Amino acid sequence: LKHGGIVSGACHEIISFHEGPALGFALHLVSPITKRAPILWCSHQENIYMPGFLSYGIKDDDIIFVKTQNETQSLWAIEQG
C-alpha cells in the first residue's frame, strides 16, 4: 500500500466472501497502528477470536470492540467513532 500501510484517523472497510483471510489481512494492516492509537472495531458478527489478534501483536486493550445488531448500526458506530 502507498505510504507504508493504512493511515490512522480514517475509516477503512474490508469486504470479502471469506472471513478468515479478510480478518488476517485486516489484522496485518492495523497491527502497526495500535502502537500509536487504539483501533475501533465495529461488527454485527461474532467472529472475533482474540488469540488470533494476539498472534499479530494486538492486545485486547489495543482495540475497542463495538458489537452491533446489523450492518447499518456498524456503519453508524464507525462514523461516530
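## Strands β1 and β2

In this predicted model, I39 stands opposite I63 in β2. The strands β1 (39-43) and β2 (63-67) pair in the parallel sense, with 5 bridges between them; pairing requires that DSSP finds at least two bridges. Strands (E, at least two residues) and helices (H or I, at least four) are DSSP runs, numbered from the N terminus. Of the 5 residues in β1, 4 are buried, a term for under 20% relative accessible area with a 1.4 Å probe and protein chains only.

## Residue D62

D62 is located in the loop between α2 (50-54) and β2. Its relative accessibility is 11%, so D62 counts as buried. Beyond its neighbours within four places in sequence, D62 is in contact (heavy atoms within 4.5 Å) with T34, P38, I39 and G57.

## The largest pocket

The lining of the largest pocket consists of 36 residues, and H12, E13, I14, C42 and I78 lie nearest its centre. Two or more lining residues come from each of α1 (19-30), β1 and α3 (71-80); α1 gives the largest share, 7 residues. A pocket is an open set of points on a 1 Å grid over the protein atoms alone, where a 1.4 Å probe fits, with protein on both sides within 12 Å along at least five of seven lines; lining residues have an atom within 4 Å of a point.

## Basis of the model

Residues are numbered from 1 along each chain as its sequence is written, and side-chain values use heavy atoms, without hydrogens and water. Local features need pLDDT of at least 70 and side-chain atom pairs 80 or more, whereas totals for chains, interfaces and linings use all residues.

Definitions and conventions. Buried < 20%, exposed > 50% of the residue type's maximum accessible area, 1.4 Å probe, protein only.
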